[in-house]
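Hi,

Here is the structure I said I would pass on. Have a look first, and my notes on its salt bridges follow below.

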Amino acid sequence: MNSVGEACTELKREYDQCFNRWFAEKFLKGESAEDPCGQLFKRYQLCVQKAIKEKDIPIEGLEFMGPSKGKTENSS
């Protein structure tokens, strides 16, 4: 599947391949200490955000889960 922006499609493929390899070869075998694909994901995420802005795609009302989202300040 292609990405929302043509310029992001190759980054998406790279990230998907990295994630799928990590998931199958490490995570499912209990070696889940670190996700080596994080930097690829960040590059892809920035590309998608730029494409959304350029295409003027309305995203009001959508929630994006990031590292600090979904947590309350008082949760422990």
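Let me start with K12, which counts as buried because its relative accessibility is 14%, under the 20% cut-off. Please keep in mind that this is a predicted model.

What does K12 pair with? It forms a salt bridge with D16, and their closest N and O atoms lie 2.7 Å apart. Both sit in helix α1 (residues 9-25), four residues from each other, so about one helical turn separates them.

The next pair is K26 and E31, joined by a salt bridge whose closest N and O atoms are 3.5 Å apart. K26 has a relative accessible area of 38%, so it is partly exposed. E31 is partly exposed too, at 42%.

Moving on to helix α2 (residues 38-54), you will find K50 and E54 there, four residues apart and therefore separated by about one helical turn. Their side chains meet in a salt bridge, at 3.9 Å from N to O. That still counts because the cut-off is 4 Å. Are these two residues buried or exposed? Both K50 and E54 are exposed.

How many salt bridges does that make under this rule? The count comes to three. If you go through them in the viewer, the pairs to pick are K12 with D16, K26 with E31, and K50 with E54.

Best wishes

Methods
Residues numbered from 1 in each chain as written. Predicted model: local features only at pLDDT ≥ 70, side-chain atom pairs only at ≥ 80, totals over all residues. Heavy atoms only, no water. Helix = DSSP H or I, 4+ residues; strand = E, 2+ residues; numbered from the N terminus. Buried < 20%, exposed > 50% of the residue type's maximum accessible area, 1.4 Å probe, protein only.
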